[in-house]
Amino acid sequence: MGFLTALGVDPRNVVFSSDTSEEQGRQFGKGRGTVDCCYPVKCISGHYGELVFGQKQKLDILLSPMIYNLPSFLSGHVAKSLTCPRVMAAPENIKAGFIKEQDAFAEAGIQYVTPFVSLDEPLLVPKQLFETMREALPGLTYEETGRAVEAGFRALRDFSHRLRKKSREVLEWCARENRACLMVIARPYHMDPGIGHEIEVDLQAYGYPILWMQYFPIDDDLMQWAFGEDIRAGHIKSAFDIRDVWPSSYSSNTNEILWGAKVAARIPWIACVVRMSSYECGMDQPTYTPVQQIVERSGTLFFSFQDLDSTKPSGSVKIRVETITHYLEKYAGTIIAKKKAAMPAGCPFLPAA
Amino acid sequence: MKFVGVDVGSTTVKAVVMEDGKVGWQDYQRHNTRQAEKVLEFLARMETEAGLAVGQDRVFFTGSGAGFIAPQVGAKLIQEVVAVAACVERQHPDVRFVSEIGGEDMKTIFFTATGTGRSKQVYMQSACSGGTGTFIEKTARKLQVPGERLAELPYAGMALHKVSSKCGIFAETDANTLVKTGVPVEEIIASLFEAVVYQNLATLTKGNTPAPEVLLLGGPNLFFKGLQEAWRHHLAKLWSQRKLDLGGREPASLINIPAEALYYACLGCIEIGQGEKPEIGIYQGSDKLKWWVEEGQHEAKAKEGARGLVAGAGDLATFVSEYVKPVPPCHVGDSRAQHVGAVLLGCDFGSTTAKAVVLSADRELLFSCYALSKGNPIEDAQSLFQQVREAGFTDVGALALTGYGKDLLKDVLGADMGVVETVAHATAALHFYPDADVICDVGGTDVKIMILRQGTVADFRLNSQCSSGNGAFLQGVAERYNIKLEAYADRAFEAKAMPSLTMGCGVFLQSDIVNQQRKGWSAEEIMAALAAVLPVNVWIYAGQLQNLRAAGRKFILQGGTHRNMAVVKAQVDFIRGKVPDAEVVLHPYSGEAGAIGAALCAGDWRTRGETSHFRGFETIAALTYTTTTSAGTVCKWCPINCTRTFIDVQLPGAKGREWSKVPLAPGWERVISGNSCPKGLVEDVNEMRVVKAKLEEVKREYPNVAEMVRKDAFRRVSAAAVAE
């Protein structure tokens, strides 16, 4: 929104496809599938279909960028912040299902725009966007694009900042009340109700606040408290360094997942980690064991929901959720106490002793 | 010179004899898994009835069962899709999409016009029963719809219901549920046709549009009128959605089911055969095949078989001494009477039985009993509590419930806690075996695998996607051989060798068994083989657990199916094959594990020092309740419309349900039964509103960052406005 509104697009003229759902896939994506084993990528057919066929408002442009790398908070501390190659290539792959026989975009009068963007290399982004969008937006200048990109990054920073602040408030409340919260370690698309199936919402209903690793607070005081000892001991160079657990730190989301495990293991009030992954995710496979072991070593409960696809296995989710809450109720107090004892003094959430 | 095309499919054999471009003879018959025998019979008939001559006429085979048979008679093998495509190309130049549905497979072929001719794209699946002819027939048999009637049943205009399109066995279960709720058989069959077309379009189009003209081939497409209607409906809808130009023609006229739909593979064989060099495919007579049918296959049997379940008397003796033990008895009569003080009561309300156990304050098992479920949970509970009381226990220190009935009955009985099944089983296992790593519970209709870490159930597999691996199947086969389930193990241990059955789909396993049977494998050998394949189905196919070693080294087996020692032997060998140092234990109270676990949890609860809410034996025995089954109790959450029963129980302090369509005065509590899924436990939209409102309140108090992310990220305002 930051980028588009800075270009002068009226916010009311920006349409997002709705949350992923089985219905969406069936109504708009059926028969447009392409060969891809990644469930979230498959879902994109439904989203495109909804935008092309399912709008009252006439759309001019379908914007679906191919994102090569992401501006992760770990950037600079890890080798690279690349996206998953399947996700990056998805716009090209999914497009095929819409132009194979007839050009469905052209028929609907829609320009299909898929800029290739390196969001972790901000200086390259104006050039990348200008080159792909100048045709769709006649009269667009390079300078204008540059300014809009800056606005976009600013909006993204503000957004992350707001959410990290909210997460911090949750943690402060937990510390004050000595209450447990849960942290979800998953990929960003698991926040979509059609992909993550709102499994964490069922847990929330039992009275546990839910944090997501992506928006964990990263303020200095907290990071020093959590990782200071490791830095001084020379295990890691900074709070965002994950070389101690994941040397091949190339993938942005995978890096964040491993970092999430480390931070969850350290924060006393995170009594339980819920791990989600989609059907046969090749990026997630190698992370299962390290993440589990990092979390469990600290005594934190760990439950994983793997191979999620289109159907929410309601019966088994219900049983799992009841299982998790049973153990949380039974052990959360002990876990918090044990983790507190393992951490140094000076927790920024607690009044100084 | 005559050309012969023979198609050996998964359920039928089809053959065509052609001379000078004219069909001289054709027939198709079901082979009932005796493929070679049926081919032999056909060859003999073609020799006498159509003059098929040895050393002169030419024979071409195709189909899933042809690979082994073709070389026996000098025939050349042609891949089935290639054969069908060849025939279509010759006879129907305008066809762009072909669906061929067989007994146990399905194929689609897309033809696209290119500069010089037509290019083909072929998709096929034969691993799963979803979308095949067996899928329809199996359920139709269960519904007792004879073949002739099935062929005539319509699709158009029928109300459709949700039937699993993925698995034949689940479709059957769905159909059963629909029957129970009074859905007419015709509507269920129409729903099956819907499911087959959906499955074919969903899995075998891969981004292509089935464009006109369309050809439907294979037995199911030819014989089932309803299936044809379903295709017409879906294709016409698809064409109008995709705005295909039909040249002003009616969509229905663009979908053809030729009278020879069964013989396209045979005709294609001949088409291709005619282009082959003259020395290819010359008929060598049927002697070699005859020898194989009569003797060869039995010799082959001995070679291909695996060793039996036991590797000899020594192996069996070791196994028996380790595992076959009398169940440790519960304390009987006198010891029970001597027990003083409050006891812990655990009840497991399952879907077929309800069980109760009594533990002493020191967690010692004192008594257990069960009641077969009669469909009214209140009566089941009353029966259990009467037994407990008659056994002499009066002082209940704490009561916990588990099983599906736990939430229903918690308030009515005054239970101190409801314990989820996984926790109950894990608690029971850890009580007897504190170092347990994995619990494998195989019941009659389900498989549960629980992986324990840190004293909790860290991972859990419930077989709900596929029926493969449960105990009902073993029982079915034993019944077919007229062998009592108790005698299963002894008979299976007698087998010195056994066939290897294929892991996976239960529907296909059935035909695999018939196949092995006709190869001469005896009842005990097949029973041994079935026990041997069960662990593979349980752990790998249903449980999706490839790496047993990562799960741990101490395995607890429980659940009714593990009373069968042949299964236990197979499990032990399988697990030790994967985890050589594994310790495999048979739970001594495997049927009562859930109730014991609940009682143990009740014990934990009691240590907090609270007083039990148990309502007392008298109150439970004297519970006043009314049952209502009416239009107002019908579940409206999905089109199945379960006819539920509301059991209203008089309970002091209960809130009642004034908002309900079947209003309930304060002082009464409602228990809902007769629903087929958990959704039905919520009465209607009114109750949903009450539940939702409560939930929203909780959600406000305990935030979820993902919700904030969604709200914030997709806000349609300018960035500047957000910043302010």
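Visitor: What makes β24 (residues 645-650) and β25 of chain B a pair of strands, and which way do they run?

Guide: Six bridges join β24(B) to β25(B), and the two run antiparallel; because two strands pair if DSSP finds at least two bridges between them, β24(B) and β25(B) count as paired. One bridge links D648(B) to R670(B) of β25(B). Strands here are DSSP runs of E, at least two residues long, and helices are runs of H or I of at least four, numbered from the N terminus. The model is predicted, with local features needing pLDDT of at least 70 and side-chain atom pairs pLDDT 80 or more, while totals for chains, interfaces and linings use all residues. Residues are numbered from 1 along each chain as its sequence is written, and chains are lettered from A and ligands numbered from 1 in the order in which they are written.

Visitor: Why are β23 and β25 of chain B called edge strands?

Guide: In the open sheet of order β23-β24-β25 (chain B), β23 (625-628) and β25 (668-673) are the edge strands because each pairs on one side only.

Visitor: Why is α16(B) called roughly perpendicular to α23(B)?

Guide: The axes of α16(B) and α23(B) (residues 593-607), lines fitted to C-alpha atoms over the stretch in contact, with angles from 0 to 180 degrees between N-to-C directions, come within 7 Å and cross at roughly 85°. Since angles of 65 to 115 degrees count as roughly perpendicular, α16(B) is therefore roughly perpendicular to α23(B).

How values were computed. Angles under 35 degrees count as roughly parallel, over 145 as roughly antiparallel, 65 to 115 as roughly perpendicular and the rest as oblique.
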